[in-house]
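Grab a pencil and take them one step at a time.

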Amino acid sequence: MIVYILCFVLFLVGLYGVLTKRDLVKIILSVGIMGYAANLFLILFAYKSDSFYPILTEGKENLSRVDPLPQALVLTSIVIELGTTALLVALAIKLYQKYKTFDITKIRRLSG
Amino acid sequence: MILPYFIIIPLLAAFIITLIGGKKDTWGIALSIAAIVIMMVLSIYSFVIGKTETVTYSMSNWDIPIGICLVQDALSLFVLIIINIIALTSLLFSIQYIRHLSPDWKYYALFMLLITGMNGVVLTGDIFNLFVFMEIALFSAFALVAYGGKAEEFEASFKYAIMGSVSSVLILVGIAITYATTSTLTMAKIATILPQTEPIVMLMIGALFMVGFGLKAAAMPFHAWLPDAHSSAPAPISAMLSGVLIKALGIYVLMRIFFNVFGAVQIFKEIFIVLGAISIIVGVILALGQWDMKRLLAYHSISQIGYILLGMGLGTYLGLLGAIFHLLNHAIFKSLLFYNAGSVEIALGTRNLKEMGNLTKVMPISSSTSLIASLSISGIPPFNGFFSKLIIIIAALEVNAPWVAFIAIIGSLLTLASFMKVQRYGFRGEKIVEKIEDKIGLNMKIAMITLAVLCVVTSALIIPGIREVILDPVVNVLLDSSKYIQMLVGS
């Protein structure tokens, strides 16, 4: 149970960063942390203690195995997160070129 | 089997455009319009022949609980038709509009990926696959919002991207909990297992999905990204985002999950009503104070999404009928209004209502179609918006919720007020506009006239004979989720 709680704490750390940080790069990192927490969550659901990797090997057919599906899901989700992070970093670079700052409180031409 | 082609065609078009695009946009335009026309014809054809049955397609021939399946029923086909009609007009409108920004094929490739994502979300029957397609659609939406390359556009796109990623992570956690409790990702199978688990699980998953997809649908407490993103994007993209994206990614998925998978639980319907009522009132009040035309329209999207949520929350036959009908109507008139705003922006170079004037002489088509769209959105009788709002109000009175009906009526009146402002200052103002250079091409005019005609024609859907053929099968999917679940048994 303690691992789930720690995982949730990691998620909250990410959320806290997104909500309170003023630096664009720190916000991007916080979104990344939230994503890691979600992935870890998926992996934890698949894990069983004293179990074996889910590949058929001779002499080990009778062991209990971890669930392979969440691992496949996490791979997909990591690729998607890589794409998100790359896009966010590209946008942050463009924003720096236009506004000459990474401070989110100074990047506010849109309001109202 | 037509089903997989709704995903294959736009995806293939996107890659071919990038390969043979060269430096001009000719191939991009030709291929994307061809792809969209094919898909529109296919979707209308499949709606006509198969609207009452549920068709499934198992990818790579894996059996249904193991592999990914695509599901086609009346609801998904209905949303598919809306996506493709709006996309066709949006492409027609883009041809000249985008040449003002860059004479390039990249826009068309991104546009096709956006369509791929939305078609995939609408057709898939696997909840993780839905997440993947949703991300495809969102990525292209982030890039397209920033397409103009101005500082404000990057700012809006960054805001949208952060909010979108946070909501995607919440949805992913929801999917993880769903998998942990039900050991399956096929939505129909989840629907059979979930009622046997503890009620707290459904509440937890429901809360995560409600926040995640509510953020995509821009219902009121989750709306902050919408006015920026929709007003900064190029006009045809604003029309796509406001007209289709928030419905395919937000409303459609909410309907599918909360009605077909969870089976219309009372507490979630009550939450829908509250979210809808807040969205209607606050959205329209924020819109009243705007002078930027596209920003005003963006706030109205929030308010109109509120009507759809309200109809869904009532959950009766009439309520769902109103929600489905309003979904179609809002896609049509809101896209048309964004085209009007875009054509004025191209002709006069401004979006500020105070700087516009009397445009009835110099831009007859834009101003007359904008009048039709304004009357539709504010619910004036001969046009489609009146009928869908009327159905929602009657549905509210039917279930003895007069305050819901009252909020809907107040929202409609305030909508009328703010569109009087658009017409009074924007298109029929006192300032005489000099003869302007005619930058509005034939394609743009065709796109606007098509949608204006649809505004009038779709109000015919309310006539009983036509309603039973087109809208009733869609409502039946939502009222009776057994058909959606039965696809497991059938195959």
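A residue counts as buried under 20% relative accessible area, as exposed over 50%, and as partly exposed in between (1.4 Å probe, protein chains only). This is a predicted model, where local features need pLDDT of at least 70, side-chain atom pairs count only at pLDDT 80 or more, and totals for chains, interfaces and linings use all residues. Residues are numbered from 1 along each chain as its sequence is written, chains are lettered from A in the order in which they are written, and side-chain values use heavy atoms, with hydrogens and water left out.

**Exercise 1.** Work out which residues of α1(B) are buried, and check the helix's length.

Step 1. Helices are DSSP runs (H or I, at least four residues) and strands likewise (E, at least two), numbered from the N terminus.
Step 2. The buried set in α1(B) is F6(B), I7(B), I9(B), P10(B), A13(B), A14(B) and I17(B).
Step 3. Those buried residues pack against α2, β2, α3, α4 and α5 of chain B.
Step 4. The expected span is 1.5 Å times one less than the number of residues.

**Exercise 2.** Describe how chain A meets chain B.

Step 1. Count contacts (heavy atoms within 4.5 Å): 38 residues of chain A touch 33 of chain B.
Step 2. From chain A, α3(A) gives the largest share of that side, 16 residues.
Step 3. Look for salt bridges (a Lys or Arg side-chain nitrogen within 4 Å of an Asp or Glu carboxyl oxygen): the count is zero.
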